[in-house]
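This report describes a structural model, going from the contact between its chains to selected helices and residues. The sequence and structure come first.

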Amino acid sequence: MVVLETVLDATWEHIVLVYTTLFVSIAVSIPLAFGALYSKKLEFIIMKFANLVQAVPSFAVVAIMVPFLGIGFTPALVAIMLRALLPIIKNTYIGLSNVDPALIDYAEGVGLSQWQIHRHIRLPNAYPAMFAGIKFAGILANSIAVLTAFIGSGGLGEIIFQGLIGYNTSTLLAGAIPAIMLAILIDVSFTMLEKKVTPEYSSE
Amino acid sequence: MQTQRLFDRIDSIQFRGITKKYGEGFAVKDLDLEIIGGELLILIGPSGSGKTTTLRMINRMIEQDEGSVTINEIDTKNVDPVRLRRNIGYVIQNIGLFPHMTIGENIGLVPKLEKQSKNDIEERVKTLLEFVSLPPEMFMNRYPKQLSGGQQQRVGLARAMAMDPPLFLMDEPFGALDPILRKQLQKEFLKIKNEINRTIVFVTHDIEEALVLGDRIAIMDQGKLVQVGPPEELIFNPENELVADIVDNQRKFKHMDTLKVKDLMSPFEEKYILDLKTQACDAVDEMTNRDLETAFVFDGDELLGQVEIVDLMKCRDREEKLSELAKPIKSFQPTDSVAFALSEMKNSGKYLAIVMNSKKPVGILVSDEVLLKLI
């Protein structure tokens, strides 16, 4: 039998792991996406790398951390980040670069500096795509955080694996159900946040 | 970042020996041109003639290879482009309203970057919206997508005036609008132009627009200035074939007596019809959707009159139906003579009339358009 406290602890560990990775990923992605706007070479490298990492099975990404970084929280964070980075960078870059050139032209024409164009025109125009990417990355991070229990990250994965190994359904569900609920929570909360920062204009 | 005012009024803008190359070819070659303070100068020519390039060299969106552009004898090369541009109103064809900002935010963007106070900006936005006949309380918080093409273009105009610049650059501002809407906005623009009395450089490829709006017209071809002067000079003393072609083409003199209304009217479309029971505010929304500035009210087959969106926008104050608001309008038969129709319209002070074939509307007659087709 699993004690409630264990489940709560694991859920908390899980949340910490998912959200830390997500925020680190966002912090890394946005400057890279802006960088890609300026350098075709950087754009090429980032996109190729991100696509490549996306193609590798999640479990392999998690496993490959061990020989390099050992086990524990940090290697788990790096493993999840490698997967979560791509949707954020890719969507942010697409959002930033897909701004109607007439808008940029106009913004320059009325005397906005490059920085102001990024801040007031490109970034807000990229929000819908960016949030779609972040939401997807969040859900991805949540599911990979289950796998990283194998390399000692803690979290709900630990309970799920215990349940699987001991063929103990109630233990398994005590891990799986909170994980599913977290996924739904992430989806709903980011959808709400997205609605808040991107008002009516994006819909008809 | 607050930028200092560069000039309060324009005395003159001088292009001296301007050349701009594009690869092997020339976009503009050895151009000398003076724009006189207070005038509306039209730049016109076939595509690739260098008119837009010339316009964009004034605010340094394009840098010339040779020669100098001076505004009030200040070489633009010596002015920070950001500062220069904030002293110049800019209007472009695709309007370029920022879709993620409300109308108010669009108009107030540059004032906000100039660190003006929130209250000042709001006041300014309201004044400007009223100036272009858009009731502020109705439009300030809408997004560009919720506006019709004509309304968006008005906002574009209001936005260019936000910093009260002494100089405006306009690159085919009415280019994307349908002909009737275009005529009406031009008319309004003329009114605005006379009120604000600023220097305007205006690119177009539409000679009718040029003749209606321009104080002087500069005709360009293959990167060179062919002729510049007031409209009548270009019509009566064209420098060469090309000029004669541009000002005269398709406008061979037609004998007015032989022309019928049906020869010169614009076709009528179903979308111009509104029902007499419609509430004024609903009519505004409906006309916005259909991209109309003017509409005709019918009672079944019976023509009641005409309504204009500018008048209907006061709908918030009173609740009225279109049947009470429709203003009488002249109607003609397709076979009436144009001379007769025009003199009737002139006597009643109307620039628009409807053409009815017995009970069926078939066309719209716009006096300016008729005149231009006749020149």
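## Contact between the chains

The contact takes 17 residues from chain B and 16 residues from chain A. On the side of chain B that touches chain A, the elements giving two or more residues are helix H2 (81–86), strand S6 (88–92) and helix H3 (103–113). By class, the residues on that side of chain B comprise ten nonpolar, four polar and three charged. The model is a predicted one.

## Chain A as a whole

Chain A has eight helices and zero strands, and its elements, read from the N terminus, run α-α-α-α-α-α-α-α. The C-alpha trace of chain A spans about 70 × 40 × 20 Å along its principal axes. Of the 204 residues in chain A, 38% are buried. Among contacts in chain A with a separation of 6 or more, 75% join residues 24 or more positions apart.

UniProt, in an unreviewed entry, places the feature "domain: ABC transmembrane type-1" at residues 11–190 of chain A. That span is 87% helix and 0% strand, and its end C-alpha atoms lie 19 Å apart.

## Packing of H1(A) with H6(A)

Two packed helices are described by the angle between their axes and the distance between the axes. For H1(A) and helix H6 (residues 114–147) of chain A, the angle is about 145° and the axes are 10 Å apart. The crossing of H1(A) past H6(A) is right-handed. H1(A) contributes A:His14, A:Leu17, A:Val18, A:Thr21, A:Leu22, A:Ser25, A:Ile26 and A:Phe34 to the contact, while H6(A) contributes A:His118, A:Ile134, A:Ala137, A:Gly138, A:Ala141, A:Asn142 and A:Ala145. Sorted by class, the contact of H1(A) with H6(A) has nine nonpolar, six polar and no charged residues.

A:Ile26 belongs to helix H1 (residues 4–38) of chain A. Leaving aside residues up to four places away in sequence, A:Ile26 touches A:Ile88 and A:Ile134. A:Ile26 and A:Ile134 are 108 residues apart along the chain, and their C-alpha atoms are separated by 7.7 Å.

For residues 13–247 of chain B, UniProt lists "domain: ABC transporter" in an unreviewed entry. Over these residues the chain is 40% helix and 27% strand, with the end C-alpha atoms 25 Å apart.

Helix H6 (residues 149–160) of chain B has twelve residues and reaches 17 Å from its first C-alpha to its last, close to the 16 Å expected at 1.5 Å a residue. Eleven of the twelve residues of H6(B) are buried, so this helix is largely enclosed by the rest of the structure. Among the buried residues of H6(B) are B:Gln151, B:Arg154, B:Val155, B:Leu157 and B:Arg159. The cover over the buried residues of H6(B) includes S6, H3, helix H4 (118–131), strand S7 (167–171), helix H7 (179–196) and helix H12 (280–290) of chain B.

The 18 residues of H7(B) should span 26 Å at 1.5 Å a residue, and the 25 Å between its end C-alpha atoms agrees with this. The buried residues of H7(B) are B:Arg182, B:Lys183, B:Gln184, B:Leu185, B:Gln186 and B:Phe189.

## Positive phi values in chain B

Most residues other than glycine have a negative phi, and most peptide bonds are trans. B:Asn197, which follows H7(B), has a positive phi near 55°. B:Asp30 is not a glycine, yet its phi is positive, about 45°. B:Asp30 is found in strand S2 (residues 25–36) of chain B and is partly exposed, with 14 other C-beta atoms within 10 Å.

B:Glu172, a residue other than glycine, also has a positive phi, near 45°. B:Glu172 is found in the loop between S7 and H7 of chain B and counts as partly exposed, with 19 C-beta neighbours inside 10 Å.

## B:Ile354 in strand S16

B:Ile354 lies in strand S16 (residues 352–357) of chain B. With 20 C-beta neighbours inside 10 Å, B:Ile354 counts as buried. Not counting residues up to four places away in sequence, B:Ile354 touches B:Phe296, B:Leu303, B:Ile329, B:Ser331, B:Pro361 and B:Ile364.

Note on methods. Residues numbered from 1 in each chain as written. Chains lettered and ligands numbered in written order. Predicted model: local features only at pLDDT ≥ 70, side-chain atom pairs only at ≥ 80, totals over all residues. Helix = DSSP H or I, 4+ residues; strand = E, 2+ residues; numbered from the N terminus. Contact = placed C-beta atoms within 7 Å. Axes fitted to C-alpha atoms, helices over the stretch in contact; angles between N-to-C directions. Left-handed = near helix turned anticlockwise from the far one by under 90°. Nonpolar A, V, L, I, M, F, W, Y, C, P; charged D, E, K, R; others polar. UniProt positions renumbered as here; feature names shortened; annotations may be inferred. Expected span 1.5 Å × (residues − 1).
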